[in-house]
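Student: Please pick one part of this model and give me a close look at it. I'd like to hear how it sits among its surroundings, with the cut-offs spelled out.

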Amino acid sequence: MPSDRRGLAPRKQPRQVRAELTRERILEAAAHVFGEYGYAAGTTNRIAEHARVSIGSLYQYYPNKDAILVELLTRHLDAGRAAISRTQAQELPESLEDMLRVFVRTTIDSHLDDPRLLRVMVEQAPRSAELLAKVEAHQAERLAYTEELLRRHPEVGVDDIYTATRLLVTTVELVIHQVIAAPDPIDLRRFEDELVAMLHRYLSGPPR
């Protein structure tokens with residue numbers, strides 16, 4: 001649903017350093033409050049108190065807590081996209097298994113800052129039209145890059161590269177999101193090993 005119908009867009013963009021610092025304080029406070037108290041109890045009053053600003057000042061920047069949560073999710077997506085871009089720019093390992101490990105570990109690392117906040121963003125953040133467009137653009141770029149890698153890699157044994165690409169990208173993103181955002185802890189090294197092994201067996205194709 002478009003952001004202008006649900007008040008999901010920031011009210012103003014800071015033009016001065018002081019205003020930008022105030023906005024950053026609000027966002028940092030919101031990340032802490034949502035992570036500590038959850039979505040329902042993560043009120044704008046709590047966010048303003050933690051940011052040490054008046055509730056009126058907060059409303060100058062954001063119309064409600066949903067707009068703040070959407071901006072936190074947008075920043076999370078941008079950070080993940082930047083991490084993937086850095087990985088794509090570097091020389092990847094030659095073996096398929098090691099290449100998969102690079103992508104799995106990069107995705108895991110980009111989700112470790114605050115699992116509790118991640119859970120709130122995944123489960124509660126409204127999806128504005130702008131946010132959905134950003135997700136779709138990111139997904140299209142990643143799919144195109146991954147498909148090219150799989151088509152060129154000599155160890156890939158699956159016949160349908162198009163479908164395999166979508167399974168690979170979707171599995172890595174959704175499984176890591178869900179596992180790290182889950183309230184019960186997991187051994188991340190073992191999780192990484194098992195996910196890489198699963199993907200490698202699938203992409204290698206049937207035994208020859």
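Tutor: Happy to! In helix H6, the buried residues are Leu-96, Met-99, Leu-100, Arg-101, Val-102, Phe-103, Val-104, Thr-106, Thr-107 and Ile-108; buried means under 20% relative accessible area, exposed over 50%, and partly exposed in between (1.4 Å probe, protein chains only). The model is predicted, so local features need pLDDT of at least 70 and side-chain atom pairs count only at pLDDT 80 or more, while totals for chains, interfaces and linings use all residues. Residues are numbered from 1 along each chain as its sequence is written, and side-chain values use heavy atoms, leaving out hydrogens and water.

With 10 of 14 residues buried, H6 is mostly covered. Helices here are DSSP runs (H or I, at least four residues), numbered from the N terminus.

Glu-192 and Arg-105 form a salt bridge at 2.6 Å, N to O, where the term means a side-chain nitrogen of Lys or Arg within 4 Å of a carboxyl oxygen of Asp or Glu. This pair links H10, which holds Glu-192, to H6, which holds Arg-105, across 87 residues. Glu-192 is buried at 5% relative accessibility, whereas Arg-105, at 31%, is partly exposed.

Elsewhere, shared partners join Glu-20, Arg-23, Glu-24, Glu-71 and Arg-75 into one salt-bridge network. Because Glu-71 is in H5 and Arg-23 in H2, their bridge ties together parts 48 residues apart in sequence. Both ends are buried: Glu-71 has a relative accessible area of 12%, and Arg-23 stands at 9%. Glu-71 also bridges to Arg-75 (3.9 Å, N to O), four residues away in H5, about one turn of the helix. An α-helix has 3.6 residues a turn, so residues three or four places apart point the same way. Arg-75 is partly exposed, at 32% relative accessibility.

To put these pairs in context, the whole structure has 14 salt bridges.

Technical notes:
Helices (H or I, at least four residues) and strands (E, at least two) are DSSP runs, numbered from the N terminus.
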